[in-house]
Amino acid sequence: VVTEVGLAVLVLIGAGLLIRSFVRLRTVDLGFQPSGLLTLRLPLAGARNAAAERRIAFIQQVEQRVAALPGVRAVAAVDTLPLGGFGFGSTFAVEGRPVPAEKPIGLVRGVTPGYFRTMGLPLLEGRDFTAADAAGSAFTMVVSRTVARRFWPQGGAVGSRLVLDPNGRLAQVVGVVADV
């Protein structure tokens, strides 16, 4: 009886902690607005072999068709959803500054114009991506508030450039968004 009562108390404490954690998780700010948001995964068969222009044209066509559906307010595409994995990372350095011994690693996500508005991510500084930022043009990037505060504490992230590794490609920072 004593063992059963002890186990019952242990189970009750565990259940209480689980419920408390669940309640706290429901109040965490995700950084984006999940209500009314519908996501889907669209694997592109043979996408690695297809030309970038063909992939971009296909995604634009899908976006146009989905946007034409009744009740759809905004449409955008991303290669990895928030909370859906890490995507890929790249070490980087701020152009014109000494390269640190241990370069920071940033998670890089490819998005289409309107992604931040669609996800309910507030644009804090600068601008969103436009159709002019498509493949073949100068590489543009929108960074998170945390990245902007860490590498440009006095401000001025917009207009700066990052040197991405391993290829040394330059990326122009055009905007700052809230953290996710």
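## A charged pair

R161 is partly exposed, with a relative accessibility of 31%. The model in which this residue sits is a predicted one. The side chain of R161 meets that of E95 in a salt bridge, with 2.8 Å from N to O. E95 lies in the loop between β1 and β2, while R161 belongs to strand β5, so the pair ties together parts that are 66 residues apart in sequence. E95 also counts as partly exposed, at 35% relative accessibility.

How many salt bridges does a search of the whole structure find? The search finds one. As a general point, side chains of opposite charge can pair when their charged atoms come close.

## Strands β1 and β2

Strand β1 covers residues 88-94 and runs antiparallel to β2, with four bridges joining the two.

Which residues of strand β2 (residues 105-108) point to the buried face? The side chains alternate along the strand: G106 and V108 point to one face and are buried. Buried here means under 20% relative accessible area.

## The nonpolar cores

In soluble globular proteins, nonpolar side chains tend to be buried together. In this model, the largest nonpolar core has 13 residues. Those with the most contacts inside this core are M141, V143, W152, A157, L162, L164 and V173. Two or more residues each come from β1, β4 (140-144), α4 (145-151), β5 (161-164) and β6 (169-177). The largest share, three residues, is given by β6.

Which residues does V143 contact, leaving aside its neighbours within four places in sequence? They are A148, L162, V173, G175, V176 and V177. Another core, of nine residues, lies apart from the largest one and includes Y115, L121, F129 and V142.

## A nonpolar patch on the surface

Some nonpolar residues are found at the surface. V1, V5, V9, I13 and L17 form a nonpolar patch there, and their accessible area together is about 490 Å².

One of these residues, V9, is placed in helix α1, which covers residues 2-26. Is V9 buried, partly exposed or exposed? The relative accessible area of V9 is 43%, so this residue is partly exposed. The reason is that partly exposed covers values between the limit for buried, under 20%, and the limit for exposed, over 50%.

Terms used: Residues numbered from 1 in each chain as written. Predicted model: local features only at pLDDT ≥ 70, side-chain atom pairs only at ≥ 80, totals over all residues. Heavy atoms only, no water. Patch = residues over 30% accessible without salt bridge, like charges linked within 9 Å, V, L, I, M, F, W, Y side chains within 5 Å. Areas by Shrake-Rupley, 256 points an atom, 1.4 Å probe, with all protein chains shown as cover. Salt bridge = Lys/Arg side-chain N within 4 Å of Asp/Glu carboxyl O. Buried < 20%, exposed > 50% of the residue type's maximum accessible area, 1.4 Å probe, protein only. Pairing = 2+ DSSP bridges. Core = buried A, V, L, I, M, F, W, Y, C linked by side-chain atoms within 4.5 Å. Contact = heavy atoms within 4.5 Å.
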